[in-house]
Amino acid sequence: QVQVAESGGGSVQAGGSLRLSCAASGVTYAIHAIQRMGWFRQAPGKEREGVATIITGGGITYYHDSVKGRFTISQDNAKNTLYLQMDSLKPEDAAMYYCAADYRSTTPARLFAEEEYNYWGQGTQVTVSS
């Protein structure tokens, strides 16, 4: 019922910036039912981890400690699009970045749990050179 698709990945030097986008598409009522959207990332040999998430209704945001102050998650409801502005990028930020969405409510402690998200994109690669 809902599809999400990421774009905007690429290669940058350490200290640089990138903005990722995630477009949601599908049945209108299903899109409007989405409660939260988030960004996850997975580096080679590592588990996928939550980076940032936003509660779509109120715009409340949550961040992984490693990206606080450097990444900003935002949404454009008119365009059904989620963004991740990534500044001051570090080599350890290099990973495949995934957009995720879900229509269920959950607790703050579960916001970065993969199983709490029903819709996933294919990912966009971010490479950061030192």
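Okay, so first, what counts as an aromatic pair: rings of Phe, Tyr and Trp (for Trp, its six-membered ring) pair if their centres lie within 6.5 Å, with planes under 30 degrees apart called stacked, over 60 edge-to-face, and the rest tilted. By that rule, this structure holds four aromatic pairs.

Let's take Tyr103 and Tyr119. They make a tilted pair, 6.3 Å centre to centre with 50° between the planes. This pair links distant parts of the chain, 16 residues apart: Tyr103 is in the loop between β9 (95-102) and β10 (119-120), and Tyr119 is in strand β10. Strands here are DSSP runs of E, at least two residues, numbered from the N terminus.

A quick word on the source: this is a predicted model, where local features need pLDDT of at least 70, side-chain atom pairs count only at pLDDT 80 or more, and totals for chains, interfaces and linings use all residues. Residues are numbered from 1 along each chain as its sequence is written, and side-chain values use heavy atoms, leaving out hydrogens and water.

Next up, Tyr117 and Trp120. Their planes are at 70° and their ring centres 6.3 Å apart, so that pair is edge-to-face.

Buried or exposed, where does Tyr117 fall? Buried means under 20% relative accessible area, exposed over 50%, partly exposed in between (1.4 Å probe, protein chains only). Tyr117 has 4%, so it's buried, while Trp120, at 24%, is partly exposed.

And Tyr117 has a charge over its face: Arg36, 4.7 Å from the ring centre. That label needs NZ of Lys or CZ of Arg within 6 Å of the ring centre and within 35 degrees of the ring normal. Arg48 sits likewise over Tyr98, at 4.6 Å.

Terms used
Helices (H or I, at least four residues) and strands (E, at least two) are DSSP runs, numbered from the N terminus.
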